[in-house]
Amino acid sequence: MSDVRELLPGLQVIVCHGIGPENDIYLLQTDEGLTMVDTSWLTHAGAIMEGLQALGWRPEDLKWIVLTHAHPDHTGAATGLAQLTGAKIAAHELDAPVISGEKRRWMPPRPLRNLLIQRLGESQSITYPTDVALWQPPPVKVDRLLHDGDRWGGWQVIHSPGHTPGNISLYNAAQKVLIAGNWLMAAIRQPRQPRGPLARLIHALAAQFVDFGEMRASTRRLAGLDFDTLLLSHFDPVTFPPIAAQLKTRFA
Ligand SMILES: [Zn+2]
Ligand SMILES: [Zn+2]
């Protein structure tokens, strides 16, 4: 299930529902060709294809898929979409080995995994499925490696590590738009410090994957950019802007 909108000239969104929070898939019309930013979960390829069609695009119009980071709610449908459209896939050099399966994604054993998925859902007032195929999607072939400062049409690639080592954001200075994937997720969804032994365990596990120091540095860098529109992966791009303005003053 998906719905679609035009946000700004040359910038559209396909919103996927049904697993966890919404997944916002941005479509950029650039000199590199029609570019999709992130792909949602493994099972969302069909909904995204419907979204492309609803926006008037043919499958072969899609030239590139840029992945903001290696997590399965961003990379899951990438291989399926590349097969259906012929698009190529780009990701930052530090997340590419995980995306392509060269580096194995560590998955906790089932009881702990299910507990973590349940807690993640509770923290967002959502129920996530525990199906391992969703959380550990098949490898994705990465055709192009991205680096900090690369240009993508009118967009600039900004390496913003922390959430993952190779997390990137895309910034359009002319339109004052920042696409920042999962940036500020923790600040928005979990404003309170975790309490209790289980919460402490989960926090410690998260620290195995998230580099909080890098995240703070990335947050300062992104908040310092001149943008009017902040587009994240799991927040409504239309109702979110007033919140974005508050966040910018809080973190700049
Ligand atoms: Zn993520
Ligand atoms: Zn995400």
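Visitor: How many bridges join strand E4 to strand E5, and do the two run parallel or antiparallel?

Guide: Strands of a sheet pair through backbone hydrogen bonds, either parallel or antiparallel. In this predicted model, strand E4 (residues 33–37) and strand E5 (residues 62–66) run parallel and are joined by four bridges. Within that pair, Leu34 stands opposite Leu62 in E5.

Visitor: What is the order of the strands in the open sheet?

Guide: The order is E1-E2-E3-E4-E5-E6-E7, seven strands with mixed pairing. Strand E1 (2–8) and strand E7 (144–146) each have a single partner strand, so one side of each is left without a neighbour in the sheet. On average, neighbouring strands are turned by 25° against each other, direction ignored.

Visitor: In which sense do E1 and E2 pair?

Guide: E1 and E2 pair in the antiparallel sense, over six bridges. Glu6 stands opposite Gln12 in E2. The two strands form a hairpin with two residues between them, where Gly10 takes a positive phi near 80°.

Visitor: How many residues lie between E2 and E3 in their hairpin?

Guide: There are six, and Gly18 in the turn has a positive phi of about 120°. The pairing of E2 and E3 is antiparallel, with six bridges. Ile14 stands opposite Ile25 in E3.

Visitor: Why is E3 described as largely enclosed by the rest of the structure?

Guide: Seven of the eight residues of E3 are buried, so the strand is largely enclosed. For the chain as a whole, buried residues make up 39% of the 252 residues.

Visitor: Which strands does helix H1 lie across?

Guide: Helix H1 (residues 45–54) lies across E1, strand E2 (11–16), strand E3 (23–30) and E5, and runs at about 45° to E1. Its buried residues are Ala45, Ala47, Ile48, Met49, Gly51 and Leu52. What covers them includes E1, E2, E3, E5 and H3. Helix H3 (residues 78–85) itself lies across E5 and strand E6 (88–92), running at about 170° to E5. After H1 comes Gly56, whose phi is positive, near 90°.

Visitor: Which residues touch the most other members of the largest nonpolar core?

Guide: In soluble globular proteins, nonpolar side chains tend to be buried together. Here the largest nonpolar core has 58 residues, and Tyr26, Ile48, Ile65 and Ile89 touch the most other members. H1 supplies the largest share of this core, five residues. Leaving aside neighbours within four places in sequence, the contacts of Ile48 include Ser2, Ile14, Ile25 and Leu81.

Visitor: Which residues of helix H9 are buried?

Guide: An α-helix has 3.6 residues a turn, so residues three or four places apart point the same way. In H9 the buried residues are Ser218, Thr219 and Leu222. They cover an arc of only 105° around the axis, which puts them on the same side of H9. On the other side of H9, Gly213, Arg216 and Arg220 are exposed.

Visitor: What span should the twelve residues of H9 have?

Guide: At 1.5 Å a residue, the twelve residues of helix H9 (residues 212–223) should span 16 Å, and the end C-alpha atoms are 16 Å apart, which agrees.

Visitor: How many helices and strands does the chain have?

Guide: The chain has ten helices and twelve strands.

How values were computed
Residues are numbered from 1 along each chain as its sequence is written. Chains are lettered from A and ligands numbered from 1 in the order in which they are written. This is a predicted model: local features need pLDDT of at least 70, side-chain atom pairs count only at pLDDT 80 or more; totals for chains, interfaces and linings use all residues. Two strands pair if DSSP finds at least two bridges between them. Axes are lines fitted to C-alpha atoms, for helices over the stretch in contact, and angles run from 0 to 180 degrees between N-to-C directions. Two residues are in contact if their C-beta atoms, placed from the backbone, lie within 7 Å. A residue is buried if 20 or more other C-beta atoms lie within 10 Å of its own, exposed if 12 or fewer, and partly exposed in between; C-beta atoms are placed from the backbone. A nonpolar core is a set of buried Ala, Val, Leu, Ile, Met, Phe, Trp, Tyr and Cys residues joined through C-beta atoms within 7 Å. The expected span of a helix is 1.5 Å times one less than its number of residues. The arc is that of the directions from the helix axis to the C-beta atoms.
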